[in-house]
Amino acid sequence: MTADDFRNQLLESGVLVDAGSPGLYHRSADYESVIRGLESYVRTGARDDNPQRLFFAPVINLETLIGSGYVGSFPNLIGTIDSFDGDMKKLGEFRGRFDAGGDWFELMSHTDVALCSAACHSIYPLYKGATLPSDGLYFDVQANCFRHEPSLDPARQQSFRMHEFVYLGNPEDALAFRDRWIVKGRQLLGDLGLDLDLVPANDPFFGRGAQMMAEGQLEKELKFEVTAPISSETPGSISSGNYHEDHFGVTFSMSTHDGRVAHSACFAFGLDRITLALHYAHGLKLEEWPNEVRERLALS
Amino acid sequence: MKNMDEVIREVLDAHGRLNSSPYSISDDANLYEHGLTSHASVNVMLALENSFGKEFPDSLLRKSTFQSVDAIREALVSMGISADEFVGGAK
């Protein structure tokens, strides 16, 4: 089945509803029940860490987005937010131009908020300048994320949910956390009957320097992706484990208890991609999914 | 008046975030082993372009181009910049 065929099936069955832009969908109650089931299911992998749970809004502070490094590395994927901020005189001009079908966008102003690119970005500014406890900090976070990559492939949505487990603290513990989660995450996803692979990966860096960043990431094995067929037989990433080294520690001046620059790592579950991969593997009707999968996701 | 090597070391000092002083390491020392990250190497690349007023061609935008002072000098010379006569500084 091609991604086009799968998209048509999802739309015809009402699992997804076209929301008017490529890669933007409304979702059915059944689809959402899988998302909710996954949220609880993947948390079983974090029991020993007793992480702090936080739910981030889809809109974040602009400084948080800048601090993430996304503006420099992926300007093509981010979303900033404009609004009208003018006086009555400018409002008249705005209305005139809007009514006449003119370019009203250029009369808008930048705001100090932006769309969230990745869930874990909102954690680090909370600890700016902090000295972290000797055991480090563990988080379980979720966010609605945005990536500007319009596509008709349902696997590539512009607005999607990310559930991440994050460690912030000692360099050696950050790498161990990431590696532990790669094993746990793969096990959890494999138990849902998905055909998985684990591959070293690089982020889709943009512009000059992209090749250098990608080479560095691959050579040092900073990023691994768990892949599965999502909307066609070609596997795509449904989860990733990332070791950020001191990237956020330097940006937000965070130190370990013994005075070193803090390191961080995360394991991210792409909830929408996993949900699609489950539909691809087990069919569009939840009642026809294998019993053990339904039980693990608490689909009654 | 500064020569090319002085500017390279100034740029590494300002943008390389190395774990040892760029003034104390040898020309052939592997900068990545001295703590140069990929992120920092991109900043070093941009700062060198600012300092020398010339862009690295795509073929040189690789990690290996920035792995030592020797490698950086070789790349800059291959771009037609003289190793001896240069006025300017790290920006």
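Tutor: Start with a term: two strands pair if DSSP finds at least two bridges between them. Keep in mind that this is a predicted model.

Now the sheet. Three strands of chain A form an open sheet in the order β4-β6-β5, and the pairing is antiparallel. β4 (59-61) and β5 (80-83) of chain A stand at the edges. Each has a single partner strand, so one side of each is left without a neighbour in the sheet. On average, neighbouring strands here are turned by 55° against each other, direction ignored.

Look at one of these pairings. β4(A) and β6 (residues 109-115) of chain A run antiparallel and are joined by three bridges. One residue pair to find is Val59(A) with its bridge partner in β6(A), Leu115(A).

Next, strand β7 (residues 137-146) of chain A. Eight of its ten residues are buried, so this strand is mostly covered. β7(A) pairs with β3 (residues 52-56) of chain A in the parallel sense, over five bridges. There, Gln52(A) stands opposite Phe139(A) in β7(A). β7(A) also pairs with β8 (residues 159-169) of chain A, this time in the antiparallel sense over ten bridges. In that pairing, Leu137(A) stands opposite Leu168(A) in β8(A).

Turn to the helices. Helix α7 (residues 210-219) of chain A is mostly covered too, with seven of its ten residues buried. Among them are Ala210(A), Met212(A), Met213(A) and Glu215(A). What do the buried residues of α7(A) pack against? In chain A, they pack against α4 (70-73) and β10 (223-229). Chain B joins in with its α2 (38-52). After α7(A) comes Glu221(A), whose phi is positive, near 50°.

Last, a helix pair. Two packed helices are described by the angle between their axes and the distance between the axes. The axes of α2 (residues 29-43) and α9 (residues 271-282) of chain A come within 10 Å. They cross at roughly 115°, and the crossing of α2(A) and α9(A) is right-handed. On the α2(A) side, the contact includes Tyr31(A), Val34(A) and Leu38(A). On the α9(A) side, it includes Leu271(A), Ile274(A) and His279(A). The residues of the contact of α2(A) with α9(A) divide into eight nonpolar, two polar and two charged.

Technical notes:
Residues are numbered from 1 along each chain as its sequence is written. Chains are lettered from A and ligands numbered from 1 in the order in which they are written. This is a predicted model: local features need pLDDT of at least 70, side-chain atom pairs count only at pLDDT 80 or more; totals for chains, interfaces and linings use all residues. Side-chain values use heavy atoms; hydrogens and water are left out. Helices (H or I, at least four residues) and strands (E, at least two) are DSSP runs, numbered from the N terminus. Axes are lines fitted to C-alpha atoms, for helices over the stretch in contact, and angles run from 0 to 180 degrees between N-to-C directions. Buried means under 20% relative accessible area, exposed over 50%, partly exposed in between (1.4 Å probe, protein chains only). Contact means heavy atoms within 4.5 Å. A crossing is left-handed if the near helix is turned anticlockwise from the far one by less than a right angle, and right-handed if clockwise. Ala, Val, Leu, Ile, Met, Phe, Trp, Tyr, Cys and Pro count as nonpolar, Asp, Glu, Lys and Arg as charged, and the others, Gly among them, as polar.
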